[in-house]
Amino acid sequence: MTNEVIVTGGAGFIGANIVKTLLKRGLKVNVFDNLSTGNILNLPLDKVNFYEIDLKKPYKNWPKLKSSIIYHFAANADVRGGVKDHNIDFDENLLVTKNVCDYSVKNNIENLIFASSATVYGEPNLFPTPEHAESTQTSLYGASKKSCESFIEAYSHYGYFKSSLFRFVSWTGEGYSHGVIYDFVNKLLNNPSKLEILGDGKQIKSYLDVKDGLNGVFSISEKQVEQTASFNLGHDETMNVVKLADIVCDEMNLNNTEYIFEGGKRGWIGDSPLVHLSIEKAKQLGWQPKISIEKSIRKTVRYLLSDSNRRYR
């Protein structure tokens, strides 16, 4: 095993936090990113080897590196986009993952760690939702993530590499660059008197601070003994969208903002009105979140409003 690793999507919110953690561990970090949604300013370029690569292109043209682990975090960042573009989730998620698997085989990578999503469950009928739950798929994004998992599992069972598949709820915290909190903050900066909210505001979601999420990715993957395994990374807590909006407004010192609701129980076609994952399997390996959802949301708002984040607005 070498001290060299690869992070795909390493210029994105979660990917860049992964990169910084790996650097603190003294590892040599290589980043593959096409910068379609990531920001190169997220990376300490003097400390990493950065390769601007379109991962949809043939893997045979990617750099040949002697890495032991690949953290595959590159993906389409817009869950909603599949309704209008039926190709983007297939191309950016499944095709890219297939290429990453083949690249890993060709370069003798021993371990693949994959950023999956709670969307693989679509709309389950069991909450909190365990890893073995059956469900009805409701989005192309979720379908593509589920397919990515299946491809990785098959390659792992062929004996090519060990794999850890992490199904994330929405992550929050420092570095946050897209999602509901980002949308709310920017809408309120433009018009603090009114806030448009997708759906009826009663949607219940779970969120996870990036520090807790990173701790889960590293501690669980290091303890996992199976050739391939899936783990939910979420929170025991949940929060509805109206409560989240209240926290954002409070953090921005807004007291009289009118909420305007724009739909039914779903924020968009394919949205799940309730997302709450069981984290019992992760707890059995000694992990659980330590930062409350409200504390992380407040921290996220402060980050988005900070001087260090002006490049996003």
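The side chains of K205 and D271 meet in a salt bridge, 2.7 Å from N to O. A salt bridge here is a side-chain nitrogen of Lys or Arg within 4 Å of a carboxyl oxygen of Asp or Glu. The pair links distant parts of the chain: K205 sits in strand β11 (residues 204-205), D271 in the loop between β15 (258-261) and α7 (280-283), 66 residues apart. Both K205 and D271 are buried. Buried means under 20% relative accessible area, exposed over 50%, and partly exposed in between (1.4 Å probe, protein chains only).

This is a predicted model: local features need pLDDT of at least 70, side-chain atom pairs count only at pLDDT 80 or more, and totals for chains, interfaces and linings use all residues. Residues are numbered from 1 along each chain as its sequence is written, and side-chain values use heavy atoms, with hydrogens and water left out.

- Side chains of opposite charge can pair when their charged atoms come close.
- The structure holds 16 salt bridges.
- D209 forms one with K299; the closest N and O atoms are 3.0 Å apart. This pair also links distant parts of the chain: D209 is in strand β12 (residues 207-209), K299 in helix α8 (residues 293-305), 90 residues apart.
- D209 is buried, at 1% relative accessible area. K299 is partly exposed, at 25%.
- D102 forms a salt bridge with K98, with the closest N and O atoms 2.7 Å apart. Both lie in helix α2 (residues 88-106), four residues apart, which is about one turn of the helix.
- D102 is buried, with a relative accessible area of 15%. K98 is partly exposed, with 31%.
- Salt bridges also link D250, E251, E294, R298 and R302 in a network.

- Helices (H or I, at least four residues) and strands (E, at least two) are DSSP runs, numbered from the N terminus. Two strands pair if DSSP finds at least two bridges between them.
- Strand β1 (residues 4-8) pairs with β2 in the parallel sense over five bridges. V5 has V29 of β2 as its bridge partner.
- On to β3 (residues 49-52): β2 pairs with this strand in the parallel sense over four bridges. D33 stands opposite E52 in β3.
- Five of the six residues of β2 (residues 28-33) are buried, so the strand is largely enclosed by the rest of the structure.
- β1, helix α1 (residues 13-24) and β2 make a right-handed β-α-β unit. Right-handed means that, with the strands pointing away from the viewer, the path from the first strand over the helix to the second runs clockwise.

**Backbone exceptions**

- Most residues other than glycine have a negative phi, and most peptide bonds are trans.
- A cis peptide bond joins F127 and P128, with omega about -15°. P128 is in the loop between β6 (123-124) and β7 (135-136).
- L35 is not a glycine, yet its phi is positive, near 60°. L35 lies in the loop between β2 and β3. L35 is partly exposed, with a relative accessible area of 24%.
- N108 is not a glycine either, and has a positive phi of about 55°. N108 lies in the loop between α2 and β5 (111-117). At 61% relative accessibility, N108 is exposed.
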